[in-house]
Amino acid sequence: MDRIIGVNSGSSFDGIDVILGETEVAPDGFPKPLKFLKGGSYQWPKKVQELILPAFENKVDMIGLNRLTYIAGAAIAEAIRTFMRENSLDNKDIFCVGLDGQTIYQEQAKYDIINSMTEADKDDWVGRWLNGPYPAGYQIGDTSVIAGLIDITTVTNFRQADHAQGGAAAPLMQYFDYTLFRNAGEPILSLNIGGIANVHLTEKDRNKMFAFDTGPGNLVSDSMAKRLLNQPCDYDGKVALQGKVHDPLLQEFMNHDFFKRPVPRSGWKLDFDANYCNKIMDKYSDVSKEDLLATACRFTGEAIVRSLNDYIPSEVLRTVKVMYASGGGVRNKAIMKYIQEKLPSNIRLALSDEIGIPPEYKEACKFATLAYSTLNFIADNIPAADHASRYTLLGKIAYAPWKAKCAE
């Protein structure tokens with residue numbers, strides 16, 4: 001078995017998660033389901049947070065961005081080093097590290113345009129992005145900086161390879177789910193509630209899989225909690241559970257422009273950022289904080305279930321027995337309550353703990369598995385789920401310096 005490390009810092013930007021897992025290539029050519037061994041969470045250094053937060057709002061110039069990707073790489077490497085020291089791990093015992101870096105920008109594909117493009121149009125490679133229809137995104141945390149500091153082969157930036165094939169590359173969880181559930185014998189749903197929420201349907205046949213962002217996960221609730229409660233989030237959804245859903249506000253939420261995007265659609269922090277939430281709270285200033293937070297949580301749940309009903313064929317959805325939930329949002333009891341209330345009755349909502357993956361660490365497990373697959377030359381995108389034109393290998397690789405030959 002190979003030991004691998006995965007790292008995640010998501011759109012909530014609330015810390016750096018690091019995991020250690022084990023896997024190996026199975027006889028069918030794909031990795032065996034990851035065995036989770038250990039996990040740890042670490043704060044971004046305060047000075048680094050202060051540099052990254054403006055980048056989310058396009059307030060960093062080119063010189064600042066250049067240095068920031070090195071700084072972020074060093075901060076991520078520091079978190080990995082701390083994790084390894086805490087668990088007495090040696091770098092030469094780790095096959096690889098996988099992480100996406102910190103996404104600071106994400107641009108949705110314009111599939112209506114892509115689908116109408118001729119082969120000659122697509123052969124204009126520069127035009128794919130010069131004219132805007134193909135997706136794009138940017139992550140900070142330089143691959144070579146991380147690999148050079150921790151001295152472990154590192155794979156990062158998994159989205160761009162899929163973007164080159166027209167794929168949405170957001171979400172990315174569907175491949176990890178395929179490694180977990182491909183032999184389940186029935187369709188399996190999973191849900192990840194981070195800053196943005198996304199759902200994934202796994203089938204033995206990859207051509208029948210689905211994956212898409214559903215809308216906000218924690219972003220709206222967290223933004224409201226910062227202003228209304230003066231705390232990072234509504235812990236456990238405690239305040240939201242005391243409120244009632246405000247129907248006019250819920251209707252406004254559900255008319256957000258995000259829902260006009262075609263599936264597979266991607267959401268981003270700016271869709272539901274503090275500016276958006278502040279405008280909402282100003283407009284509904286006569287609504288109690290309890291009701292505002294209850295409605296924010298209902299918004300997350302409503303968007304998740306509506307997306308399932310709208311985009312997964314009903315004959316498939318009727319055969320699903322369980323949806324495994326992960327991400328920080330599963331700790332919000334109000335969000336989970338609203339999801340379970342709206343789910344089709346045949347689907348049980350469960351936590352990913354049941355399959356041996358702690359909910360808070362599933363994203364990091366995903367990146368570890370993606371890195372392992374790429375280094376073993378295993379196609380790790382799911383074209384049917386995200387509209388990529390072909391299978392490919394995701395990620396950018398930087399090798400551990402200790403592997404260099406002729407270095408003496």
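The model is predicted, and local features are described where pLDDT is at least 70, side-chain atom pairs count only at pLDDT 80 or more, and totals for chains, interfaces and linings use all residues. Residues are numbered from 1 along each chain as its sequence is written, and side-chain values use heavy atoms, with hydrogens and water left out. Helices (H or I, at least four residues) and strands (E, at least two) are DSSP runs numbered from the N terminus, buried means under 20% relative accessible area with a 1.4 Å probe and protein chains only, and contact means heavy atoms within 4.5 Å.

Within helix 9 (residues 219-228), seven of the ten residues are buried, namely Leu219, Val220, Ser221, Asp222, Ser223, Met224 and Ala225. Just after the helix, select asparagine 230, which takes a positive phi of about 55°.

Next, move to threonine 300, which lies in helix 12 (residues 289-311) and is buried, with a relative accessible area of 2%. Beyond residues up to four places away in sequence, threonine 300 touches Pro216, Gly217 and Ile335.

Lysine 362 is the next stop, in helix 15. Is lysine 362 buried or exposed? Lysine 362 counts as buried, because its relative accessibility is 1%. Apart from neighbours within four places in sequence, lysine 362 is in contact with Met173, Phe176, Asp177, Leu180, Ser190, Ser326 and Ile357.

Now display the aromatic side chains, of which the structure holds 16 pairs; rings of Phe, Tyr and Trp (its six-membered ring) pair if their centres lie within 6.5 Å, with planes under 30 degrees apart counted as stacked, over 60 as edge-to-face and the rest as tilted. Phenylalanine 13 and phenylalanine 56 form an edge-to-face pair, at 5.5 Å centre to centre and 75° between the planes. This pair links distant parts of the chain, 43 residues apart, with phenylalanine 13 in the loop between strand 1 (2-8) and strand 2 (16-23) and phenylalanine 56 in helix 1 (residues 46-56). Phenylalanine 13 counts as buried at 8% relative accessibility, and phenylalanine 56 counts as buried at 3%.

Then select phenylalanine 158 and phenylalanine 367, a stacked pair at 5.7 Å centre to centre and 20° between the planes. Here too the pair links distant parts of the chain, 209 residues apart: phenylalanine 158 sits in the loop between strand 7 (154-156) and helix 7 (159-163), and phenylalanine 367 in helix 15 (residues 362-375). Both phenylalanine 158 and phenylalanine 367 are buried. One aromatic cluster is formed by Phe253, Phe258, Phe259, Phe272, Tyr276 and Phe299.

Finally, zoom out to the whole protein, which has 16 helices and 13 strands. Its radius of gyration, taken over C-alpha atoms, is 21 Å, close to the 22 Å that the globule rule (2.2 Å times the number of residues to the power 0.38) gives for 408 residues, so the protein is as compact as a globular protein of that length. Buried residues make up 58% of the 408 residues, and among contacts between residues at least 6 apart in sequence, 73% join residues at least 24 apart.

Notes: Buried means under 20% relative accessible area, exposed over 50%, partly exposed in between (1.4 Å probe, protein chains only).
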